[in-house]
Amino acid sequence: MAISLPDGTVLEAARKVLLQRTNSSMDELCDALQRELDGLAAAEGCQYAVQCLGFRMPTAEGEPAELLLSYADGGSVEDFLVGAVWGLLFYHSQEAVAVK
C-alpha cells in the first residue's frame with residue numbers, strides 16, 4: 001500500500017493483520033501483538049529490518065489487531081526460509097557425495 005505524506009512523499013508500506021484464533025481470548029491476541037511490537041522495537045532503526053509505522057489494538061471481541069510496517073522488497077520471510085532450507089539440503093547432499 002502507498003501512504004502519501006504531507007510533504008508529498010509517498011511511502012510504501014505493508015499491512016499485517018493478526019486474527020483472533022478460535023477458542024482464544026482477546027487478551028491472547030493482544031499478547032501476540034505485543035510480542036510482535038517487542039520484536040520490532042528490538043530492531044528499531046536497523047536499516048535491514050522491517051520498521052513499525054503504526055499499530056491498532058483490537059477494542060472488541062473478534063476484531064483483528066493490525067500493524068503497519070515498512071515495505072520490504074524481495075519476497076517474504078517464508079520465501080527466504082524455504083530457500084535457505086533447500087540450500088542447506090543441497091549443500092549436505094553435495095558434501096555426502098564428496099565423502100564417498
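Predicted model: local features only at pLDDT ≥ 70, side-chain atom pairs only at ≥ 80, totals over all residues.
View 1. One member of the group, Val 82, sits in helix α2, which covers residues 77-99. Is Val 82 buried, partly exposed or exposed? Its relative accessibility is 42%, so Val 82 counts as partly exposed, since that class lies between 20% and 50%.

**View 2. Four strands make an open sheet.** Follow the strands across in the order β1-β2-β4-β3, and you will find that their pairing is antiparallel. Which strands stand at the edges? They are β1 (2-4) and β3 (52-56); each has a single partner strand, so one side of each is left without a neighbour in the sheet. On average, neighbouring strands of this sheet are turned by 30° against each other, direction ignored.

**View 3. Strand β2 meets strand β4.** Here residues 10-18 (β2) pair with residues 65-70 (β4) in the antiparallel sense, over six bridges. To find your way, start with Lys 16, which stands opposite Leu 67 in β4. Then look for Ala 13, whose opposite residue in β4 is Ser 70.

**View 4. Strand β3 also pairs with β4.** How many bridges join β3 to β4? There are four, and the two strands run antiparallel. A handy landmark is Gly 54, standing opposite Leu 68 in β4.

**View 5. Helix α1 lies across part of the sheet.** This helix, made of residues 26-42, lies across β2, β3 and β4. Compare its direction with that of β4: helix α1 runs at about 15° to this strand.

Definitions and conventions:
Residues numbered from 1 in each chain as written. Heavy atoms only, no water. Buried < 20%, exposed > 50% of the residue type's maximum accessible area, 1.4 Å probe, protein only. Pairing = 2+ DSSP bridges. Axes fitted to C-alpha atoms, helices over the stretch in contact; angles between N-to-C directions. Contact = heavy atoms within 4.5 Å.
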